[in-house]
Amino acid sequence: VLFLQIVHILNMTSAKIVSFLLHPEESLHSLQNRIEFETGISTGNQELLLETGICLDPRKPASQCVIDGVRGWDSYMVYLFDKSKTVYDGPFASRSLSDCVNYIVQDSKIQLPIPQLRKVWAEAVHYVIGLKEDYSRLFQGQRAAMLSLLRYNANLIKMKNNMVSASQQLKAKLEFFHQSIRLDLERYSDQMAYGISSEKMLKAWKEMEEKASQCAQAEDIGHLDEQIMALHTEIVELQKSPYARRQGEVMESLEQRAIDLYKQLKARPPDHAYSDSTDMVKIIVQTVQSQDRVLKELFGHLSKLLGCKQKIIDLLPEIEVALNNIKEADNSVMQMQGKRQREIWHLLKIACTQSSSRSLVSSSLEGTASTPAATWLPQGCSGNSAPHPLSSLAAPEDGENFADMIRENVNYLELFSSILQEVRQEQNSMMVS
């Protein structure tokens, strides 16, 4: 018996406790099926919380509901919530009276023998203590709901910070992109008259600028930010609310009064005296009324907690969508930036190629024009004297120089032709792209 594992489930929708004997290695899903059979709450709508506000892990066995130690299987609670409901209709009816306690409540002035009265008052004290414990368990369930809400809120704040950071980064990249593309368009327009031009590339750049303006819509997260801040304020107010703290002081005081009355009765000798139960019945009635009041406040506060939690659950997918839109816009801006820079370097390559081809042509022409005519004449000839018929023939050394010069000019011509062909190909590809 000592090694049995029993889990106590407090159904917060009905304020009733159901207990289950756990089978060895039973899965949480199996336990949830048994809970559904007992409570009518489907497994998909069940939320099982520990006292710390942690939701039970479906990957772990059902034994995670039970802890070891002094507060073991006979006192540890798991709190059951219905995720399909955000408004709980408490307070619920108090626990039923036993027959003997109900007897003195119906007629508090009835005289009973002291020995019999001790038994009746003992049950009455147990009833008052039970009312206080019922409230304490429900309050602990409300506290578990609050801790669960704070966990959700922490996750919401984390996602919100990621969203704001990504939005700010996108905004900075868009500003840089717009400034750089404006400067590129201005410089491109300045050089069109004497440099390189491509209408298709110019149109593509303008389309990039328009697309970047559309990407700016992804950074607009103001409406989500406002909702999150309003929700955060509401959660803070719920934490500060007096209903977030235990309200059972009156019930605890009544409990102590009932115990004191019983001790006074117990101290009386068991003679043939009789006494009524007026004082004890007053304590019972006041305890029931106090429980009704604090439970009404408790379930009103609990409904607000669950409403805030549902708002967070609804906001999380919207934040995910906003984050994905920001990432897509960020990738689009970076791709456009990279494409434009590649095109700029392509233009620079064409411009450098054209410049080098012009310099090669001019240097070739200058070298040919500056060759003195005297170099083609023999050294012995000068002025207007007619050359000797044989002496007018080129010497072997002069013939070799002449042949070298012809080969050099042919090489320059071939190089110039290849450069012109390459420039035409690059311009054609620029027009196509």
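Me: How many disulfides does the structure hold?
Reply: This is a predicted model. A disulfide needs a pair of cysteine sulfur atoms within 2.5 Å. Cys-65 is buried, at 2% relative accessibility, and Cys-100 is partly exposed, at 23%. The number of disulfides in the structure is zero.

Me: How many helices and strands does the protein chain have?
Reply: From the N terminus, the elements run β-β-α-β-β-α-β-α-α-α-α-β-α-α. The secondary structure comes to eight helices and six strands.

Me: What share of the residues in the protein chain is buried?
Reply: Buried means under 20% relative accessible area. The protein chain has 433 residues, and the buried share of them is 36%.

Me: Is Ala-15 buried, partly exposed or exposed?
Reply: Ala-15 sits in the loop between β1 (6-11) and β2 (16-21). Its phi is near 60°, a positive value in a residue other than glycine. With a relative accessible area of 29%, Ala-15 is partly exposed.

Me: Is Glu-25 buried or exposed?
Reply: Glu-25 belongs to the loop between β2 and α1. Glu-25 has a positive phi, near 60°, and is not a glycine. Exposed means over 50% relative accessible area. At 74%, Glu-25 counts as exposed.

Me: What is the distance between the end C-alpha atoms of helix α1?
Reply: Helix α1 covers residues 28-39, which is 12 residues. At 1.5 Å a residue, α1 should span 16 Å. The model agrees, with end C-alpha atoms apart by 16 Å.

Me: Within what arc do the buried residues of α1 fall?
Reply: The buried residues here are Leu-28, Leu-31, Gln-32 and Ile-35. Look down the axis of α1: they line one face of the helix, because they fall within an arc of 100°.

Me: How are α3 and α4 oriented, parallel or antiparallel?
Reply: Helix α3 spans residues 114-191 and helix α4 spans residues 199-215. Their axes come within 10 Å and cross at roughly 155°. Angles over 145 degrees count as roughly antiparallel. Therefore α3 and α4 are roughly antiparallel.

Me: What is the handedness of the crossing of α3 and α5?
Reply: Helix α5 covers residues 222-240, and its axis comes within 11 Å of that of α3. The two axes cross at roughly 155°, which makes α3 roughly antiparallel to α5. The crossing of α3 and α4 is left-handed. For α3 and α5, the crossing is left-handed.

Me: How far apart in space are Ser-136 and Gln-247?
Reply: Ser-136 lies in helix α3. Ser-136 counts as partly exposed, at 21% relative accessibility. In sequence, Ser-136 and Gln-247 are 111 residues apart. In space, C-alpha to C-alpha, they are apart by 9.2 Å.

Conventions. Residues are numbered from 1 along each chain as its sequence is written. This is a predicted model: local features need pLDDT of at least 70, side-chain atom pairs count only at pLDDT 80 or more; totals for chains, interfaces and linings use all residues. Side-chain values use heavy atoms; hydrogens and water are left out. Buried means under 20% relative accessible area, exposed over 50%, partly exposed in between (1.4 Å probe, protein chains only). Axes are lines fitted to C-alpha atoms, for helices over the stretch in contact, and angles run from 0 to 180 degrees between N-to-C directions. Helices (H or I, at least four residues) and strands (E, at least two) are DSSP runs, numbered from the N terminus. Angles under 35 degrees count as roughly parallel, over 145 as roughly antiparallel, 65 to 115 as roughly perpendicular and the rest as oblique. A crossing is left-handed if the near helix is turned anticlockwise from the far one by less than a right angle, and right-handed if clockwise. The expected span of a helix is 1.5 Å times one less than its number of residues. The arc is that of the directions from the helix axis to the C-beta atoms.
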